[in-house]
Amino acid sequence: MPSFLETLIDPLEAGEFANLFWDKTPFSCHSASRNIETVYSQINAISIESLFQHHDGKIRLHKINSLGQYLSVECKTLAEAQTSFANGTSVAFLNVESWLGLAQTIRDNLANILQISPTCFECVAFATPVGSGVPFHFDGTEVLILQLYGKKTWKIAPNAVEFPTVPFAPSCVTPIIPELELYATPESLMVPLDKITTIELKTGSLLFLPRGYWHETKSLELSISLSFVSQIPSLLDLLMNAIRKHFVKIPNWRCPIRPNGICYVDIEKDLKDFAADALVSVVNSELSRLGFENKKNSTHGWLNEIRSSDESRSENIKLYFNTDRKSVMKVKLCG
Ligand SMILES: [Fe+2]
């Protein structure tokens with residue numbers, strides 16, 4: 001018996017789906033499965049009213065202000081969200097997998113197909129009034145969208161910036177996050193108008209957007225959709241966490257830096273002590289916690305592509321990978 005998600009992706013096989021996901025290839029599909037009627041019956045159990053009635057987590061409003069600028073703001077109460085929705089504003093219900101059975105099921109199916117932990121995904125339910133949507137932007141995560149109700153148009157385009165670490169919307173009132181400016185030029189942050197593809201989603205349609213893919217949406221009808229947003233960390237995320245976890249245990253590394261520059265830490269010695277084994281074990285244990293361990297016969301494109309050779313230089317840290325490139329073997333600080 002195919003899982004709920006396998007019915008939705010039919011005629012794609014689970015393995016083909018996983019390959020598209022890890023190969024960072026966008027795709028959309030509308031299931032031709034004979035089991036789709038069963039799926040529809042579960043989708044039909046969800047309504048705008050049930051979202052407003054049962055949701056007790058965070059809510060965000062996605063709106064356009066009088067200057068035509070895009071803004072995403074936290075909403076304090078369900079009553080405010082309901083009023084905003086009635087006035088044409090899109091409402092995002094965060095972490096609905098905590099109470100919505102269908103979202104839990106699909107998240108678990110997704111994690112099972114990709115062979116990673118379910119904690120790598122959270123689900124956001126979007127309720128969008130007719131004619132509403134969000135302008136062109138990109139997110140620093142992978143997103144799998146399931147359209148539950150109504151028709152919604154998506155315009156998507158590839159991003160010249162590979163694997164952005166933060167979201168960005170040209171028309172957003174919020175300025176560019178400084179980290180993005182470290183690796184993206186102003187030209188690379190423009191929507192590639194000649195590469196836009198338009199996709200229309202209806203009940204049961206799926207759309208997968210790789211990390212950083214540009215997208216713009218508009219609801220042709222009152223719409224409800226589920227977005228499964230990846231929380232898969234980058235190697236950079238793991239390294240930064242590992243460094244903090246190690247040095248936060250040493251009091252003098254937690255001490256505020258003094259104006260006279262006197263430091264009670266032997267920086268060179270501490271870094272050398274930390275360098276190899278500690279970092280390797282923390283990174284590998286974090287990979288293990290997320291379900292990436294012991295996949296000797298599988299290919300994790302995201303890790304392999306980080307390294308095209310057996311060593312990596314990042315600032316003053318060098319990583320040595322095992323020959324299977326599935327785990328970090330040694331970390332060395334370089335002068
Ligand atoms: Fe988005």
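In strand β11, Ile224 is the bridge partner of Ala127.

## Confidence and overall composition

The protein chain has a mean pLDDT of 84, with 85% of its residues at 70 or more. Confidence is highest in strand β7 (residues 152-157), at a mean of 97, and lowest in helix α12 (residues 301-306), at 37. Over residues 296-316 the pLDDT stays under 50, and for this stretch the model has 29 contacts beyond four places in sequence. Where pLDDT is low, the predicted coordinates should not be read in detail.

The protein chain contains twelve helices and 14 strands. Of its 335 residues, 26% count as buried. Among the contacts in the protein chain with a separation of 6 or more, 77% are between residues 24 or more positions apart.

## The eight-stranded sheet

An open sheet is formed by eight strands in the order β1-β9-β6-β11-β5-β4-β2-β3, with antiparallel pairing. Strands β1 (27-30) and β3 (70-75) stand at the edges; each has a single partner strand, so one side of each is left without a neighbour in the sheet. From one strand to the next, the twist averages 20°. Strands of a sheet pair through backbone hydrogen bonds, either parallel or antiparallel.

Strand β5 is mostly covered, since seven of its eight residues are buried.

## Strand β9 within the sheet

How many residues of strand β9 (residues 205-209) are buried? Five of the five are, so the strand is largely enclosed by the rest of the structure. Ser205, Leu207 and Leu209 point one way from β9, whereas Leu206 and Phe208 point the other way, and all are buried. In a regular strand the side chains alternate between the two faces of the sheet.

Strand β9 has a partner on each side in the sheet order, β1 and β6. With β1, the pairing is antiparallel over four bridges, and His30 stands opposite Ser205 in β9. With β6, the pairing is likewise antiparallel over four bridges, and Ile145 stands opposite Leu207 in β9.

## The three-stranded sheet

A further open sheet has three strands in the order β8-β7-β10, with antiparallel pairing. Its edges are β8 (197-201) and β10 (214-219), each with a single partner strand, so one side of each is left without a neighbour in the sheet. Neighbouring strands of this sheet are turned against each other by 20° on average, direction ignored. Strands β7 and β8 run antiparallel and are joined by five bridges; Ile156 stands opposite Thr197 in β8.

## Helix α6

Helix α6 (residues 101-114) has 14 residues, which should span 20 Å at 1.5 Å a residue; the end C-alpha atoms are 20 Å apart, which agrees. The buried residues of α6 are Leu102, Ala103, Ile106, Arg107, Asn109 and Leu110. Seen down the axis of α6, these buried residues fall within an arc of 160°, so they line one face of the helix. An α-helix has 3.6 residues a turn, so residues three or four places apart point the same way.

The elements that cover the buried residues of α6 include α1 (4-9), α3 (36-43), β5 (121-128), β6 (143-149) and β11. Just after α6, Gln115 takes a positive phi of about 60°.

## The loop at Ser234

Ser234 lies in the loop between β11 (223-230) and α8 (235-247). Is Ser234 buried or partly exposed? With 14 C-beta neighbours inside 10 Å, Ser234 counts as partly exposed. Ser234 and Thr165 are 69 residues apart in sequence, and their C-alpha atoms are 8.9 Å apart in space.

Key
Residues are numbered from 1 along each chain as its sequence is written. This is a predicted model: local features need pLDDT of at least 70, side-chain atom pairs count only at pLDDT 80 or more; totals for chains, interfaces and linings use all residues. pLDDT is the predictor's confidence in each residue, from 0 to 100. Helices (H or I, at least four residues) and strands (E, at least two) are DSSP runs, numbered from the N terminus. Two residues are in contact if their C-beta atoms, placed from the backbone, lie within 7 Å. Two strands pair if DSSP finds at least two bridges between them. Axes are lines fitted to C-alpha atoms, for helices over the stretch in contact, and angles run from 0 to 180 degrees between N-to-C directions. A residue is buried if 20 or more other C-beta atoms lie within 10 Å of its own, exposed if 12 or fewer, and partly exposed in between; C-beta atoms are placed from the backbone. The expected span of a helix is 1.5 Å times one less than its number of residues. The arc is that of the directions from the helix axis to the C-beta atoms.
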